[in-house]
Amino acid sequence: MLNGFKSMGRLALIGSGSEIGQAIIAKLMEQKKSEVIQVGRTGEFALDITDKSARERLVNQLFAKGDLDLAVIAVGVLGNNAEKSASENLLEVIDVNYLGTLHLLALIAERMKIQAHGTVLVISSFAQVRPRVDNFAYGSTKAGVDFYARGLAEELRGSGVEIKILRPGFVKSKMTAGMAIAPFAITSDECAKYAVRAITSKKVVTWAPSLLKYVAVVFATMPAPIFRRISQR
Amino acid sequence: MQITDLQPISGWGNNFHSRSARATATSIADLQEFVAKLAPSRGLLPVGLHRSYGDSALNSGGILIDMVALNQIEIDPLTRIAVVGGGATIAALERAALAQSLFPPVVPGTGFVTMGGAIAADIHGKSHHKTGSFSHCVRRISLLLASGEIAVFKRSDPEFWATVGGLGLTGIVLEVEIELRAVQSNAVDVSEHRVKNLSEMIDLLGRSDEDYEHTVAWIDLSGDYRGRGVVSLGNYGSTSVKSKDSRSNGPSLPSIAGKNFITPLSARAFNEIWFRKPLKNGAVALTQYMHPLDGVNNWNRIYGDSGFLQYQFVIDIGQEEIFERLFAGLRGLKAASFLGVLKKFGPGSQAPLSFPRAGWTLTLDYSMAVPGLEKFLRDFDEELVARGGRIYLIKDSRLDARLLPIMYPELNRWREMRSAMDPHGVWKSDQARRLQIC
């Protein structure tokens with residue numbers, strides 16, 4: 001339960017291996033004290049994100065001991081594993097980023113609707129703005145997650161449950177290690193600041209950094225030849 | 001009984017809300033059927049006038065049962081026994097009692113508390129050092145249990161004491177039997193004394209225990225935080241005064257765009273005026289004396305949209321040093337309180353979750369918007385616990401659940417009694433969830 005200062009009692013990070021996820025929890029815990037449940041590949045709250053019954057089991061487990069005030073869903077793969085074929089990579093991003101994430105989101109939202117309070121933070125991406133040759137499979141899953149989450153946020157208006165979407169640009173982390181650093185790149189810590197803002201914001205969507213909101217408009221409307229040249233860099 | 005859709009509801013502190021459905025009790029028979037048939041996953045909670053400051057009377061996702069319609073009052077002037085519905089208010093009971101030259105021996109700072117609420121919080125008043133808390137004058141409680149059965153508990157029953165101070169989590173108080181006291185008039189003979197600092201205040205309050213039925217002090221918690229204030233002492237009077245009918249609620253505060261009016265400056269100005277105002281001496285109407293804030297309908301709105309919290313704790317005699325620590329901390333925070341109240345309690349009751357017990361109790365009001373307040377109070381709680389003190393749960397919205405069993409060492413005994421009375425956990429509140437009370 002939230003307390004009178006709107007501090008959270010219990011929250012869960014789904015994707016404990018995520019640097020952004022951990023940075024968000026660290027940022028939240030700077031001022032407040034909450035019980036944090038870490039969901040990762042191993043541990044008490046272990047989850048194989050690609051397994052339907054594992055997802056259902058996890059959500060039962062999360063809500064068994066009390067109300068959940070916040071779930072941060074920070075699972076995702078880029079789908080650029082050089083040892084796998086393009087089609088294998090595609091299946092993996094779909095399973096993890098799209099199917100796994102959305103099913104979890106729906107399950108958690110259902111439970112939060114019963115408790116009539118709670119927030120879910122979903123991590124989308126700038127990559128969903130416009131397909132780029134180097135990451136459109138990843139981008140397509142993020143676009144799907146973003147689209148569904150916006151719809152769900154609308155459906156849950158007035159229920160006490162809030163869905164918040166964070167759209168980071170390039171975040172310097174182990175997930176992006178070795179990749180060329182894109183403009184407007186931020187660190188995980190900086191990204192966490194925007195995430196914390198997103199959680200308490202009245203708006204559904206928060207960009208990280210905020211300027212990306214306008215960059216996205218330019219990106220989306222730019223003529224294809226120019227876009228091609230820019231995105232090749 | 002009809003159930004409404006979920007709607008946002010907040011406590012008196014107006015600092016946060018949760019969404020719950022509401023059902024209004026119109027008769028005991030209907031209520032009995034409703035409770036027996038329904039087993040909602042998020043539970044039921046009886047509520048009255050929502051005067052609890054935090055989340056004691058909230059139940060997110062569950063159903064609140066509005067009890068105010070079950071408000072009958074019958075008084076036998078010969079035995080001085082009142083049989084009162086769980087939804088009747090203290091103010092209504094006072095009116096009915098005064099008509100027979102009687103008065104409830106224990107009344108809280110507001111008359112807008114139902115019998116159910118008074119039992120659930122085991123409320124106290126200015127007479128605590130003489131009379132103890134509300135349960136002291138209750139002889140019998142008729143309780144609707146989660147099973148739908150009605151049980152009557154006497155003072156010798158453990159269920160009576162589980163219900164007293166039990167935050168509404170043992171069942172619905174349908175009716176209480178209260179022993180009233182005789183009064184000669186509708187007035188209190190009051191004498192007020194200005195004191196320069198905390199030690200003078202403590203000294204005067206301590207000395208006045210024997211001679212006065214009612215003692216309380218208003219303490220200025222702003223400016224230099226030395227604890228100057230006004231000590232108010234009173235005894236039941238013999239000559240009546242004209243009094244306003246307390247049914248007319250008085251003026252309401254306009255709500256100006258949810259702004260907070262309590263700043264360090266305004267609190268200081270208010271406290272200055274309050275300290276300088278002419279002292280009352282002589283007869284004052286009982287209802288006015290007991291419930292000074294009831295004159296303004298919605299005084300809780302002065303804190304604006306961010307709301308406020310009331311922090312009340314009790315500490316043993318001999319631990320007065322903690323006040324200095326508190327005041328120094330509050331001065332550091334630049335947190336000015338608009339309402340500081342100091343009172344000396346007499347011995348406590350045997351109810352495991354009842355708050356009052358022998359010692360000093362201090363009450364403070366703070367806007368939630370005071371920066372650093374949450375951490376400050378968290379740290380202060382630790383010191384309080386180290387010195388054996390505890391806070392009043394009906395005003396709480398922020399205690400760390402870890403400290404609850406230390407503050408209330410009989411919590412587990414209460415939990416056992418409650419599980420026997422409500423094996424399926426039908427009665428639920430947000431506070432119970434937050435503090436893992438049950």
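Let's start with a pair of strands in chain B: strand β1 (residues 7-10) and strand β2 (residues 17-24) run antiparallel to each other, joined over four bridges. Strands here are DSSP runs of E with at least two residues, helices are runs of H or I with at least four, and both are numbered from the N terminus; two strands count as paired if DSSP finds at least two bridges between them. Within this pair, B:I9 sits opposite B:S18 of β2(B). The two strands make a hairpin with six residues between them, and B:N14 in the turn has a positive phi of about 55 degrees.

A quick word on what you're looking at: this is a predicted model, where local features need pLDDT of at least 70, side-chain atom pairs count only at pLDDT 80 or more, and totals for chains, interfaces and linings use all residues. Residues are numbered from 1 along each chain as its sequence is written, while chains are lettered from A and ligands numbered from 1 in the order in which they are written.

Further along chain B, eight strands form an open antiparallel sheet, in the order β15-β12-β14-β13-β17-β18-β16-β19. At its edges stand β15 (281-285) and β19 (390-391), each with a single partner strand, so one side of each has no neighbour in the sheet. For β19(B), strand β16 (residues 308-315) of chain B pairs with it in the antiparallel sense over two bridges, and there B:F313 stands opposite B:I391.

Now for the inside. The largest nonpolar core has 129 residues, and B:I65, B:I119, B:M201 and B:A217 touch the most other members. Such a core is a set of buried Ala, Val, Leu, Ile, Met, Phe, Trp, Tyr and Cys residues joined through C-beta atoms within 7 Å. Buried means that 20 or more other C-beta atoms lie within 10 Å of a residue's own (12 or fewer is exposed, in between is partly exposed), with C-beta atoms placed from the backbone. A second, separate core of 61 residues includes A:M1, A:L58, A:A71 and A:A153.

Over in chain A, you'll find seven helices and eight strands. Buried residues make up 42% of its 233 residues.

Finally, where do the chains meet? In all, 19 residues of chain B are in contact with 15 residues of chain A, contact meaning C-beta atoms, placed from the backbone, within 7 Å. On the chain B side, β2 and α13 (430-434) each supply at least two residues, and α13(B) gives the most, with three.

Methods. Contact = placed C-beta atoms within 7 Å.
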